[in-house]
Amino acid sequence: MRIRVALVCLLCVVVLLLACAPLGTITLPTLPTAIAGASASAAATQPPAATEAVEVLTPAPTATPLSPEQIDILTLWDEALANVYERVSPSVVHVAVTKRSAFGVGVGTGSGWVWDNKGHLVTNNHVIEGADEIWVRFASGDEMPAEVVGADPDSDLAVIKVAELPPGAGPLELGDSAKLRVGQTTIAIGNPFGFERTMTAGIVSAVGRISRQASGFSLPNLIQTDAAINPGNSGGPLLDIHGRVIGVNTMIYSETGEFSGIGLAVPVNTVKRVVPSLIETGRYLHPYLGINGMDVTPLIAQQLDLPVQRGAYVQSVVRGGPADKAGIRGGRTAVTVPGFSEPVMMGGDIIVAFDGKPISSMDELVTLLEEYKVGQKVVVTVVRDGERLDLTVELGERPSRGARRLFGSP
């Protein structure tokens, strides 16, 4: 009974409290601390919401700018090249030739340059060879006919002449090809593929190159350059950084017929010897020994049991030629030697000096011989049967282009 009364009283109190509380002020009881802590921990363990990735860009490294002094040096280099072109190009000509045959009329082009104030122009022999008509066009636009004064197939040089030079076209300054060093700047000006007065630049890649000609003789002491040379450059000048002629562009080595990085030029010191003779007589007389030979190397010396390691081995001499008259001997016995396509004539002399200058190869002998004149007497030192002999040779005149081998036919 008492319990029932207590419950009724408690219920009444609750009703009175609810009735007296103002609206909107009822609040939920605060959660116990333990429960609240558990909820916070659960929230902390949830993975963060996905956010958009932000790309961080790293600045690209930049080269240190050139100093004003370095820029000045490069500017001077540009100025030097431009100055060479401005001074030289008015004296470089475009050579056009016409050749008539039973098959029709052929046209060829090349380059040339002014030699003197008399209208003489230097070009390649192969540019004008067989031409029926030759026309020359100058930088000024003047066009005029030219005639052949002289040509030398063995040096691939020729001289043509016009009646007069237009204003601004004068002789070019000549350099000294004997002083060239590998790495020096080279400049070629010519008319590749008909593009008139095109300038290209490079370096001296090598000196003293040898090239066999169609005649069988060799064109010695050529300048190798990587300045771009293409068909139409033939006969044009190869220049140094001072604008001096150091060679005449004459050929390229290529498997495609176009420039592949190896161009060759006739050295200007050869031009100095040949051109005056072409102007005076129409031809140039090349000195001649009358021998056929090969290089002596340590390997060949071992294979052939030779007494010296270096020199020019004489396999044969032309009967009645200068070497034969001087007593130089060729080989007498044909021997098959591994590595040689043809038998080697054993027992010949070995040339080890020419006019007192040491000779270590046939190429050296060919190059040195070109510096002498027909009729000049020269002491040739040979090794024969282990002994050194000095023999005096009077140099003869090289035979016509019909010769089959270097220095003549055996």
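Two strands count as paired if DSSP finds at least two bridges between them. With that in mind, meet a closed barrel of six strands, which runs 8-9-10-13-12-11 with antiparallel pairing. Strands here are DSSP runs (E, at least two residues), as are helices (H or I, at least four residues), both numbered from the N terminus.

The model is predicted, so local features need pLDDT of at least 70 and side-chain atom pairs count only at pLDDT 80 or more, while totals for chains, interfaces and linings use all residues. Residues are numbered from 1 along each chain as its sequence is written, and side-chain values use heavy atoms, with hydrogens and water left out.

**The barrel**
- Strand 8 (residues 185-190) pairs with strand 11 (residues 237-239) in the antiparallel sense over two bridges.
- Across this pairing, I187 stands opposite L239 in strand 11.

**Helices across the strands**
- Helix 5 (residues 268-281) lies across strand 12 (245-252) and strand 13 (263-267), at about 45 degrees to strand 13.
- Helix 8 (residues 362-369) lies across strand 9 (198-212) and strand 10 (218-225), at about 95 degrees to strand 10.

**A look at D156**
- You will find D156 in the loop between strand 6 (147-152) and strand 7 (157-161).
- D156 counts as buried because its relative accessibility is 7%, and buried means under 20% relative accessible area (1.4 Å probe, protein chains only).
- The D156 side chain reaches the backbone nitrogen of N125 at 3.2 Å.
- Leaving aside neighbours within four places in sequence, D156 is in contact (heavy atoms within 4.5 Å) with residues including T123, H126, Q213 and T250.

Definitions and conventions. Axes are lines fitted to C-alpha atoms, for helices over the stretch in contact, and angles run from 0 to 180 degrees between N-to-C directions. Buried means under 20% relative accessible area, exposed over 50%, partly exposed in between (1.4 Å probe, protein chains only). A polar contact is a pair of N or O atoms within 3.5 Å; within protein, one must be able to donate a hydrogen and the other to accept it, and residues adjacent in sequence count only if both atoms are side-chain atoms.
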